[in-house]
Amino acid sequence: MNSVSEEERKKILESSPVGTWALMLIVGGGMVIAWLLMYYGVFLPRGHIG
């Protein structure tokens, strides 16, 4: 039923969630890029200075 040994299970539980951090960085970077595009592409040309 359980094909993972106790040693492998312990190693998995003690490792950091690399995929979660990578996904969070990608989403956060995308949001920063989108905000910069809106700021420099929409607001500044119309004269809105924050």
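Biologist: What are the ground rules here?
Modeller: Residues are numbered from 1 along each chain as its sequence is written, and side-chain values use heavy atoms, with hydrogens and water left out. In this predicted model local features need pLDDT of at least 70 and side-chain atom pairs pLDDT 80 or more, while totals for chains, interfaces and linings use all residues.

Biologist: Which side chains meet in a salt bridge?
Modeller: The term means a side-chain nitrogen of Lys or Arg within 4 Å of a carboxyl oxygen of Asp or Glu. A search of the whole structure finds one. Its N to O distance is 3.3 Å, and the partners are Glu6 and Arg9.

Biologist: In which helix do Glu6 and Arg9 lie?
Modeller: Helices are DSSP runs of H or I, at least four residues, numbered from the N terminus. Glu6 and Arg9 sit three residues apart, about one turn of the helix. Both belong to residues 6–14, helix H1.

Biologist: Is Glu6 buried or exposed?
Modeller: Buried means under 20% relative accessible area, exposed over 50%, and partly exposed in between (1.4 Å probe, protein chains only). Arg9, at 42%, is partly exposed. Glu6 has 57% relative accessibility, so Glu6 counts as exposed.

Biologist: How far apart are the end C-alpha atoms of residues 20–42?
Modeller: UniProt lists this stretch as "transmembrane region" in an unreviewed entry. Such annotations may be inferred rather than shown by experiment, and their positions follow the numbering used here. Over residues 20–42 the chain is 100% helix and 0% strand, with the end C-alpha atoms apart by 32 Å.

Biologist: What are the angles between the planes in the aromatic pairs of Tyr39?
Modeller: Rings of Phe, Tyr and Trp (its six-membered ring) pair if their centres lie within 6.5 Å; planes under 30 degrees apart count as stacked, over 60 as edge-to-face, the rest as tilted. The whole structure holds two aromatic pairs. Trp35 and Tyr39 are stacked, at 5.2 Å centre to centre and 10°. Tyr39 and Tyr40 are edge-to-face, at 5.1 Å centre to centre and 85°.

Biologist: Which residues form the aromatic cluster?
Modeller: Trp35 and Tyr39 both lie in helix H2, four residues apart, about one turn of the helix. Trp35 is exposed at 53% relative accessible area, and Tyr40 is exposed at 52%. The one cluster is Trp35, Tyr39 and Tyr40.

Biologist: Where is Leu36?
Modeller: Leu36 is partly exposed, with a relative accessible area of 35%. Its place is in residues 18–43, helix H2.

How values were computed: Helix = DSSP H or I, 4+ residues; strand = E, 2+ residues; numbered from the N terminus.
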